[in-house]
Amino acid sequence: MIEFFFDCSSPWTYLAFHNIRPLAKEFGQEISWRPILVGGIFNSINPSVYASREHPVPAKVSYQKKDMADWARSAGLAIKMRPTVFPVNSVKAMRGCIFLRQEMLPFARAVFEIYWGEDKDISQDAVLTEVCQRVGVDPAKFFAGIGDQAVKDQLKANTDEVMARGGFGSPTIFIDRTDMYFGNDRLPLLREALQRRKASAA
């Protein structure tokens, strides 16, 4: 089982969300999709993210834009770096992923697309309503559902869990519970780990 802890507010997570599915299929692995709130992680254990935003290194920022464009081109995705609203409050979207359960994947994909590809603010109810309409989810049921305390609690529990297991951002990926990988660019290492696992089981 591959565990994929994710927040739709991260462009690197969008890439990994797209790229990990064919990788998992290749090795016959199921993915446990675990929505989190990455802002909660930054607030709790990784405030250096905020410091780097307040005092950016111009050369690094310039390269990051190129790097993101290269990765997006490789994946065949449209990613605008940075969106007009960045960082964005993704709590309603991520609660939505928890609420939708089996319908989570098309919803999450649409959230990624509308935010990173179309530059629409996913903290806004009107934008989330549009996402719901795209994937055939009743907006009224959606907004009622994300207000449920159990949904809120599960999102917090997932966020607390990934931190307790050593995670510090999104995406955080585990195989065999303890073997952790962070970020889209670690997927080649994840592939090697799955290959080793398959060989040892043969």
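User: How many helices and strands does the secondary structure of the protein chain come to?

Analyst: This is a predicted model, where local features need pLDDT of at least 70, side-chain atom pairs count only at pLDDT 80 or more, and totals for chains, interfaces and linings use all residues. Residues are numbered from 1 along each chain as its sequence is written, and side-chain values use heavy atoms, with hydrogens and water left out. Helices (H or I, at least four residues) and strands (E, at least two) are DSSP runs, numbered from the N terminus. The count is 10 helices and 4 strands.

User: What share of the residues of the protein chain counts as buried?

Analyst: Buried means under 20% relative accessible area (1.4 Å probe, protein chains only). Of the 202 residues, the buried share is 43%.

User: What volume does the largest pocket have?

Analyst: A pocket is an open set of points on a 1 Å grid over the protein atoms alone, where a 1.4 Å probe fits, with protein on both sides within 12 Å along at least five of seven lines. Points are joined across faces, edges and corners, and the volume is the space filled by probe spheres set on them. For the largest pocket this gives about 1,200 Å³.

User: Which residues lie nearest the centre of the largest pocket?

Analyst: Lining residues have an atom within 4 Å of a point. The lining has 44 residues, and nearest the centre lie Trp-12, Phe-42, Val-49, Arg-53 and Gln-64.

User: Which element gives the largest share of the lining of the second largest pocket?

Analyst: This pocket has a volume of about 180 Å³. Its lining includes Trp-33, Arg-34, Ala-150 and Asn-158. β2 (31–35) and α9 (149–164) each supply at least two residues. The largest share, 4 residues, comes from α9.

Note on methods
Buried means under 20% relative accessible area, exposed over 50%, partly exposed in between (1.4 Å probe, protein chains only).
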